[in-house]
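Student: Please take me through one part of this model closely. I would like the aromatic side chains and how they pair.

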Amino acid sequence: MLELNQVSHVYSNGVRALDDVTLTIPKGMFGLLGPNGAGKSTLMRTVATLQTPSEGQITFDGIDIVAEPETLRKRLGYLPQDFGVYPRVSAYDMLDHMAVLKGISSRAARKETVETLLDQVNLWDVRKKAIAGFSGGMRQRFGIAQALIGNPDLIIVDEPTAGLDPEERNRFLNLLAEIGENVVVILSTHIVEDVADLCPRMAVLVNGSIQLEGAPRHLIDKARGTIWAKTIERGEIDAYRKMYEVISTRLFAGETIIHILSDTDPGDGFALVDGGLEDVYFSTLAASRRVEAGAVAA
């Protein structure tokens with residue numbers, strides 16, 4: 001179990017990237033949702049011991065990872081948003097090199113590890129191919145393979161499906177689901193579908209603070225009866241924003257559909273809809289913007 005207690009981080013330029021983050025993350029898939037710039041990558045780097053928090057405590061299975069970062073690193077697998085590799089090196093040779101860095105000194109043990117991982121992420125047939133020639137999905141699967149070296153107990157993946165086509169995304173998410181059955185896996189993303197498809201628990205991070213936490217099904221149930229939809233003309237959006245709390249707009253077959261948040265029937269042609277996790281997420285962002293706007297006005 002991973003526990004974060006009042007974790008904050010302030011960069012040298014004064015930017016407060018994390019603000020009093022408290023979370024308990026059990027074994028299994030855990031989704032961390034948030035818009036770009038919310039502080040997700042900062043939080044992931046902090047948990048991965050790549051930077052020390054300005055305040056707070058982080059423990060994993062009782063280990064104080066701020067005081068003992070090397071202890072966690074032996075049990076950690078990390079796939080950052082952007083990871084660099086030697087592009088002209090084959091997938092097999094690169095994984096073998098990374099296994100050495102991870103402390104697997106026996107050639108026989110490395111051979112078994114590398115071959116098992118390449119098979120697990122479905123890259124065995126291209127094991128001799130240079131990574132430079134990999135597609136985006138293949139690179140991400142290679143990234144997961146390197147993160148799994150040494151059978152880690154904690155795995156962090158940061159924006160892993162950004163830029164993947166639908167087929168590669170499904171393949172990658174299935175792989176994550178398989179991995180996440182027995183270890184702690186943190187999926188950091190701004191893509192709501194990834195969390196909805198995979199994670200039994202989640203949190204929403206906005207402006208460095210946790211705004212919402214719980215089981216997606218429970219959060220969706222709590223929002224039921226408050227989400228209303230209507231098809232409008234594109235030029236009417238600004239007018240509706242002034243009259244209602246618009247949480248999202250989308251185009252469907254060339255028409256503009258708006259979703260608003262209201263505890264009672266707003267009338268005006270709106271219809272009640274069964275909100276999904278996307279509506280929960282957008283409602284949370286809207287509430288955060290309201291609070292921020294109120295603070296600025298004050």
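Tutor: Start with Phe270, which is buried, with a relative accessible area of 8%. Keep in mind that this is a predicted model. Phe270 sits in the loop between β13 (255-261) and β14 (271-272). Two tyrosines pair with this ring, Tyr240 and Tyr244.

Take Tyr244 and Phe270 now. A pair of aromatic rings is described by the distance of the centres and the angle of the planes. For Tyr244 and Phe270, the centres are 5.0 Å apart and the planes stand at 65°. Angles over 60 degrees count as edge-to-face, and the pair of Tyr244 and Phe270 is edge-to-face. Tyr244 lies in the loop between α9 and β12 (246-252), and Phe270 in the loop between β13 and β14, so this pair ties together parts 26 residues apart in sequence. Tyr244 is buried, as is Phe270.

Turn to the other partner. The model has 4 aromatic pairs by this rule. One of them joins Tyr240 and Phe270, again edge-to-face: 6.1 Å centre to centre, with 75° between the planes. Tyr240 belongs to helix α9 (residues 237-243). Tyr240 and Phe270 are 30 residues apart, and their pair links distant parts of the chain. Tyr240 is also buried, with a relative accessible area of 8%.

Tyr240, Tyr244 and Phe270 form one aromatic cluster. Phe270 takes part in both pairs described here.

Key. Residues numbered from 1 in each chain as written. Predicted model: local features only at pLDDT ≥ 70, side-chain atom pairs only at ≥ 80, totals over all residues. Heavy atoms only, no water. Phe/Tyr/Trp six-rings, centres within 6.5 Å; stacked < 30°, edge-to-face > 60°. Helix = DSSP H or I, 4+ residues; strand = E, 2+ residues; numbered from the N terminus. Buried < 20%, exposed > 50% of the residue type's maximum accessible area, 1.4 Å probe, protein only.
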